[in-house]
Amino acid sequence: MAKKFLNIQSTTPNASGIVKQDLKFKTGDFVWRIKFNIPLDPSTVNPNTMYVANSNNVPLKTSIRYDSVNNQIEIEPTEPYSTTESYYLNITTNVASRNGQKLKDPVQVQFQFY
């Protein structure tokens, strides 16, 4: 089965305010794809700075990949989502550009499956 991608794009280094919304999906087989307009410091792209958590703030196991050519991150779950749970995609202010500029505000997107 082909993976489905959900794209979150920002034209500024600070994406907050643009993607804060509740989302509902009919399938749990997709990968979060977040595109940045500036190159990131790869050392700041890790499970401590970006993660998916359930409503109890327990992080899910994920695979995180950074594509430095396209300045985008892919976050793929390695365990299934539940249809009875709400989840949050979290991107912390510890994500930084190559020149050290950090996100001004954290980003959190709530989503669930049905």
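A search of the whole structure finds four aromatic pairs. In one of them, the ring centres of Tyr 81 and Tyr 87 lie 4.8 Å apart and the ring planes stand at 70°, so this pair is classed as edge-to-face. The model is predicted. The points below place these aromatic residues in the context of the protein.

**Aromatic residues**

- The class of the Tyr 81 and Tyr 87 pair follows from its angle: planes over 60 degrees apart count as edge-to-face, and the planes of these two rings are at 70°.
- Both tyrosines belong to one aromatic cluster, which is formed by Trp 32, Tyr 81, Tyr 87 and Phe 111.

- A residue counts as buried when its relative accessible area is under 20%.
- Tyr 81 has a relative accessibility of 13%, and it therefore counts as buried.
- Tyr 87 has a relative accessibility of 4%, so Tyr 87 counts as buried.

**Strands and order of elements**

- The protein contains eight strands and zero helices.
- Read from the N terminus on, its elements follow the order β-β-β-β-β-β-β-β.

**The protein as a whole**

- The protein has 114 residues, of which 41% count as buried.
- Of the contacts between residues at least 6 apart in sequence, 67% join residues at least 24 apart.

Conventions: Residues numbered from 1 in each chain as written. Predicted model: local features only at pLDDT ≥ 70, side-chain atom pairs only at ≥ 80, totals over all residues. Heavy atoms only, no water. Phe/Tyr/Trp six-rings, centres within 6.5 Å; stacked < 30°, edge-to-face > 60°. Buried < 20%, exposed > 50% of the residue type's maximum accessible area, 1.4 Å probe, protein only. Helix = DSSP H or I, 4+ residues; strand = E, 2+ residues; numbered from the N terminus. Contact = heavy atoms within 4.5 Å.
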